[in-house]
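Welcome! Keep the view open beside you as you read.

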Amino acid sequence: MSDNVTSRNPTTGDIIATYPLLNEHQLETALQQSTDAFAVWRNTPLEKRVHVLRQLGEQLRQRQDELAKMATLEMGKPLAQSRAEVLKCASLCDWYAEHGPAMLADKPTLVENQQAWQAFRPLGVILAVMPWNFPYWQVLRGAVSMLLAGNTYVLKHAPSVMGCAELMSSLFDATDLPQGGFTLINVDNAGVSAAINDPRIAAVAVTGSVRAGAAIAAQAGAVLKKTVLELGGADPFIVLADADLDAAVASAVAGRYQNTGQVCMAAKRFIIEESIAEAFEQRFSAAVQALKVGDPLEEDTFIGPMARYDLRDELDLQVQETVQQGARLVMGGHKIEGAGNYYAPTILADVAPHMTAFRQEIFGPVAAITVAKDAKHALELANDSDFGLSATLWSGNEALANQLAAQLETGAVFINGNGASDPRVAIGGVKKSGYGRELSSFGVHEFCNVQTVWKNRR
């Protein structure tokens, strides 16, 4: 087994950098440093923690071009989308700096003749295992709320975006966060297991595949440590006959092909009511055909290369399996020849529930269209999944849309709009999409000891 990991430019195939894995002694040092930082940070006044968040937001804005370029080089995200990710992280810091203190305030109540209150205490050192597809946002949407609550944060990032990880670490170094408050560890699976089993780690957060989440949760559960999991999705995008079709198509294109389709909460299964299915397919295909595929460093590129070559191979296999199972290939369905890890924007139609593109998560620029007889059938198709991250629903009937939303088995529902994540509302899934929540006050409290304090009034 190699003692290094390598980041590779998916646009050219060239190696960007090689990063050594930590040895046992170095991991021990890192965990102890984070533990020592927790002893300081947990007792740091809340206003000083808020100040660090504001400093971090300022660092993100000042270095947005550098950060965006690194994300584009390491995982192929189009540059405009990389920059938007960085600025979204800055806004996240600002929002929690303004609203976070109220979430951590004691909540008093009266219990018979005693005074009581709920207090939110930090848990300790949190291990986070994070993916590559949003190399800054995925990390900071959890780290910011955890740090605000007084925890310290140990990051095990995806090997392919270690340049982004090191830049993030340098951002925290430029703030007043104690050394070790944000700690980067470059370790393999054995190193992750060692960290989970180390008594200094209090809890674990994971964003990634179902297999990775299940493996980590099993290890954490064996030593009675809390986990929050945000895993895969096969998110339905329902369009009913009374929907604004042009708006729905525009939303479908953005919802499926942003970040080259490599988004957990992306629309993936397009469930279209029968009477408008043909019109939707025609307009959707034309809109996808117009998207620019190219060099992600060019500002007008919308679809860049996929982040890793093995992921492109897996995606192509899923597409070919689905076609062999009887789906109709509307467009794309192949690797783009030449330099770079590109896959043609793809649309599959006549996709049935038994087919690969319906049952599995499709993580790339591929859309699967399934026809529903009516709204009831659309709901049944949407819920016929092992996943439950988010759903999108387009309808001109507000009462019907609200009724269907209440029956969708997902952590989020977007009615007549694009899917999104925002610090003001929680994000997370059900079923095999995971459990627990990030963002909003729920994300802050996930990694708090909610302590009840009683005081006899007599």
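**Exercise 1.** Start with strand β16 (residues 390-394): how many of its residues are buried?

*Solution.* Bear in mind that this is a predicted model.
- Step 1: A residue counts as buried when its relative accessible area is under 20%.
- Step 2: By that cut-off, 5 of the 5 residues of β16 are buried, so the strand is largely enclosed by the rest of the structure.
- Step 3: Now look at each face. In a regular strand, side chains alternate between the two faces of the sheet. S390, T392 and W394 lie on one side of β16, A391 and L393 on the other, and both sides are covered.

**Exercise 2.** Find the strands that pair with β16. Which residues stand opposite T392?

*Solution.* 
- Step 1: Strand β10 (residues 235-239) runs parallel to β16 and is joined to it by 3 bridges. Here F237 is opposite T392.
- Step 2: Strand β17 (residues 412-415) is also parallel to β16, with 4 bridges between them. In β17, T392 has F414 as its bridge partner, while S390 faces A412.
- Step 3: Follow the chain from β16 to β17. Together with helix α14 (residues 398-407), these two strands form a right-handed β-α-β unit.

**Exercise 3.** Turn to the nonpolar cores. Which residues of the largest one touch the most other members?

*Solution.* 
- Step 1: The largest nonpolar core has 98 residues, and those touching the most other members are L60, Y96, Y136, L140, Y153 and L155.
- Step 2: Helix α4 (residues 79-103) gives the most to this core, with 9 residues.
- Step 3: A second, separate core has 25 residues, including A243, L291, A367 and W394.

**Exercise 4.** Examine P423: is it buried or exposed?

*Solution.* 
- Step 1: P423 sits in the loop between β17 and β18 (430-431).
- Step 2: Its relative accessibility is 11%, so P423 counts as buried.
- Step 3: Beyond its neighbours within four places in sequence, P423 is in contact with L92, W95, Y96, L439 and S440.

**Exercise 5.** Compare N259 and K431. What is the phi of each?

*Solution.* 
- Step 1: Most residues other than glycine have a negative phi.
- Step 2: For N259, phi is positive, near 55 degrees; for K431, phi is also positive and near 55 degrees.
- Step 3: N259 lies in the loop between α9 (245-257) and β11, and is buried with a relative accessible area of 0%. K431 belongs to strand β18 and is partly exposed, at 35%.

Technical notes
Residues are numbered from 1 along each chain as its sequence is written. This is a predicted model: local features need pLDDT of at least 70, side-chain atom pairs count only at pLDDT 80 or more; totals for chains, interfaces and linings use all residues. Side-chain values use heavy atoms; hydrogens and water are left out. Buried means under 20% relative accessible area, exposed over 50%, partly exposed in between (1.4 Å probe, protein chains only). Two strands pair if DSSP finds at least two bridges between them. A crossover is right-handed if, with the strands pointing away from the viewer, the path from the first strand over the helix to the second runs clockwise. Contact means heavy atoms within 4.5 Å. A nonpolar core is a set of buried Ala, Val, Leu, Ile, Met, Phe, Trp, Tyr and Cys residues joined through side-chain atoms within 4.5 Å.
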